[in-house]
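Please prepare a short report on this chain for a modelling group. Keep it brisk, and define the terms as they come up.

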Amino acid sequence: MYKNVYLKKGKEESLKRFHPWVFSGAIAHVDDGIQEGEFVRVLTSSGDFVAVGHFQIGSIAVRVLSFDDIQINDTFWRNRLSSALTMRQAIGIADNPQNNTFRLVHGEGDNLPGLVIDCYGKTAVMQAHSVGMHICREAIAQALVYVMGQRLENVFYKSETTLPYKAGLRQENGFIHGGCNDNIAVEYGLKFHVDWLKGQKTGFFVDQRDNRSLLERYAKGRTVLNMFCYTGGFSVYAMRGGANLVHSVDSSAKAIELTNANVSLNFPGDNRHEAFCEDAFKFLDAADGKYDLIILDPPAFAKHRAALHNA
């Protein structure tokens with residue numbers, strides 16, 4: 001039986017509307033001995049059950065996994081992941097021969113707060129944003145392999161920079177199932193090298209898929225500049241859309257290398273594309289109206305609110 005977290009009077013109202021978080025300020029007291037990351041039951045001030053979830057030290061004290069009084073076990077993980085897959089099949093991004101790049105689990109949106117899973121071909125990249133999900137990583141990976149079946153051969157765990165530093169988990173990135181390094185995935189018929197080992201996020205910005213596709217519709221006959229190009233995703237779509245010229249710019253030499261590799265993967269020998277490893281702002285200053293379609297998708301310039309105050 002899980003230990004209990006007791007709410008202050010009236011603080012269960014948001015949970016009754018299925019909000020997936022319990023904030024620390026809503027808690028009256030907790031059972032003795034609760035460890036960060038363990039499963040807990042959330043009760044009202046009068047002792048009525050409300051939810052079960054992961055306990056964590058911080059402003060978000062409980063991330064809700066279920067509003068039913070259940071045990072979190074292999075069946076639970078399989079059911080949640082199966083529901084996530086079914087939804088992606090329904091909207092046409094899973095089991096699509098033209099697309100094997102998609103986000104399978106998007107945290108709270110899939111009733112799995114603190115967990116992100118992106119699929120790139122035969123490899124799933126799993127990322128924990130809570131201590132509880134980190135502790136459950138092996139069970140989740142096993143359930144993932146079961147649910148995905150032949151679609152999946154590898155699970156890469158990448159949470160080295162996403163978990164609370166003070167938790168002292170000493171987490172490391174690496175494969176927890178399989179280990180193949182074939183990193184080519186397909187998005188809407190275009191091929192991309194995905195750097196899940198050292199790349200940003202899980203290796204590719206899956207959330208920009210529809211924006212990349214939209215760009216393709218506007219690129220015909222255009223002179224295109226892709227700033228902060230990273231993997232060159234927008235550049236590749238612009239080329240397929242019929243752009244006359246595409247220039248990709250990033251201050252990272254590794255990003256430029258990846259962009260060139262992705263362009264060559266789809267358009268070998270195509271001289272419409274050129275990549276520049278330069279400071280974005282200096283490049284823009286010198287552009288002087290040369291481009292008629294510009295993509296600006298910059299990184300975060302201030303990682304934390306404190307940085308804004310100190311700027």
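How many residues does helix 7 have, and how far does helix 7 reach from its first C-alpha to its last? Helix 7 (residues 253–266) has 14 residues and reaches 20 Å, close to the 20 Å expected at 1.5 Å a residue. The expected span of a helix is 1.5 Å times one less than its number of residues. Helices (H or I, at least four residues) and strands (E, at least two) are DSSP runs, numbered from the N terminus.

This is a predicted model: local features need pLDDT of at least 70, side-chain atom pairs count only at pLDDT 80 or more, and totals for chains, interfaces and linings use all residues. Residues are numbered from 1 along each chain as its sequence is written, and side-chain values use heavy atoms, with hydrogens and water left out.

**Helix 7**

Ala255, Ile256, Leu258, Thr259, Asn262, Val263 and Asn266 are buried in helix 7. Buried means under 20% relative accessible area, exposed over 50%, and partly exposed in between (1.4 Å probe, protein chains only).

Aspartate 195 sits in the loop between strand 13 (190–193) and helix 5 (209–218). Valine 186 belongs to strand 12 (residues 184–187). Contact means heavy atoms within 4.5 Å. The contacts below do not count residues up to four places away in sequence.

Valine 186 and proline 97 are 89 residues apart along the chain. Their C-alpha atoms are separated by 8.7 Å.

Five strands form an open sheet in the order 7-8-9-10-11, with mixed pairing. Two strands pair if DSSP finds at least two bridges between them. Strand 7 (101–106) and strand 11 (174–177) are the edges, and each pairs on one side only. From one strand to the next, the twist averages 25°. Strand 10 (residues 154–157) pairs with strand 11 in the antiparallel sense over three bridges. There, valine 155 stands opposite histidine 177 of strand 11.

Helix 2 (residues 74–90) lies across strand 7 and strand 8 (115–120). Helix 2 runs at about 140° to strand 7. Axes are lines fitted to C-alpha atoms, for helices over the stretch in contact, and angles run from 0 to 180 degrees between N-to-C directions.

Strand 1 (residues 3–7) is mostly covered, with four of its five residues buried. Which strands pair with strand 1? Strand 4 (residues 39–43) pairs with strand 1 in the parallel sense over four bridges. Tyrosine 6 has leucine 43 as its bridge partner in strand 4. Strand 3 (residues 27–30) runs antiparallel to strand 1, joined by three bridges. Leucine 7 stands opposite isoleucine 27 in strand 3.

UniProt lists residues 3–86 as "domain: PUA" in an unreviewed entry. Its annotations may be inferred rather than shown by experiment. Over residues 3–86 the chain is 20% helix and 37% strand. The end C-alpha atoms of that stretch are 33 Å apart.
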